[in-house]
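User: Hi! I'm new to this one and would like a quick tour. Could you walk me through it?

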Amino acid sequence: MIAAAKPSRSGAAARIIFIVMSLLVFAALLALGTWQVKRLQWKEALIASIAARTAAPASTIADMEQRLAGTGDVDYWPVRVSGVFEHANEQHFFATHKGLTGYYVYTPLRLADGRALFVNRGIVPFDQKEAAVRLDGQLAGTVTVTGLARNRLDRKPSWVVPDNDPGKNIYYWKDLTAMARSSGYDIQTEIVPLFVDADDTPNPGGLPVGGVTIIELPNNHLQYAITWYGLAAALAGVFGFWYLRQHTSAGKGEDA
């Protein structure tokens with residue numbers, strides 16, 4: 001009888017490394033799939049919340065401030081407010097909307113109580129950033145704005161977002177404190193602590209173009225979860241095939 005050759009130490013070590021790496025990758029793929037499932041649940045709840053909020057009747061700024069004091073969240077609640085735009089203090093937020101890249105125009109609206117509320121009136125192209133070239137849209141006198149309340153941000157949302165440049169009147173994230181300071185307002189006493197995105201009611205001259213709030217959020221988490229779980233299943237299949245071949249080969253060696 002011919003004795004079966006004993007596996008080399010290097011071959012055994014390679015098999016152990018392969019098994020360990022396969023298990024680690026398998027666990028990572030399962031974790032990624034589970035994370036996407038959780039993200040799917042979160043996104044579906046967010047979409048449902050936005051749909052419910054935007055369908056509600058418009059409230060007053062006082063209602064929004066009461067809600068803000070209670071929950072700290074006024075995002076997407078409809079609001080209607082009246083006041084006088086202070087166009088000389090408008091601030092410009094770098095943005096892209098429906099293929100148009102330019103600036104959202106945030107204009108302070110002076111309320112009857114003396115405070116100012118920054119209203120995102122909509123987007124203007126790069127070459128019409130300055131108010132002097134779109135005078136038709138600079139509404140005078142008391143106006144009524146209907147739109148959606150938006151939360152303020154207290155810090156930059158991510159390190160990848162550029163720093164704001166108030167000196168050039170260009171913002172990359174909604175820093176209400178900086179906008180107020182650049183406009184000469186006292187953030188503590190003169191500013192309503194939230195934003196309002198105006199609806200798509202046309203402005204004279206066509207600019208700014210309102211209704212820029214993104215309420216239809218992408219939701220691809222189910223596809224991502226299926227992808228990660230599918231890769232985990234494929235890896236399990238490859239590992240199972242390899243394991244069976246190893247044992248089949250070992251069995252044949254013992255019979256030789």
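User: Where is Asp-200 found?

Analyst: Asp-200 sits in the loop between β6 (191–198) and α4 (221–255); helices (H or I, at least four residues) and strands (E, at least two) are DSSP runs, numbered from the N terminus. This is a predicted model, where local features need pLDDT of at least 70, side-chain atom pairs count only at pLDDT 80 or more, and totals for chains, interfaces and linings use all residues. Residues are numbered from 1 along each chain as its sequence is written, and side-chain values use heavy atoms, with hydrogens and water left out.

User: Is Asp-200 buried or exposed?

Analyst: Asp-200 is exposed, at 59% relative accessible area. Buried means under 20%, exposed over 50%, and partly exposed in between (1.4 Å probe, protein chains only).

User: And what does Asp-200 touch?

Analyst: Leaving aside residues up to four places away in sequence, Asp-200 touches Gly-210 and Gly-211 (heavy atoms within 4.5 Å). C-alpha to C-alpha, Asp-200 and Gly-211 are 3.9 Å apart, though 11 residues separate them in sequence.

User: New topic: where does Lys-174 lie?

Analyst: Lys-174 is in the loop between β5 (142–150) and α3 (176–183).

User: Which residues does Lys-174 touch?

Analyst: Beyond four places away in sequence, the contacts of Lys-174 include Phe-93, Tyr-106 and Arg-150.
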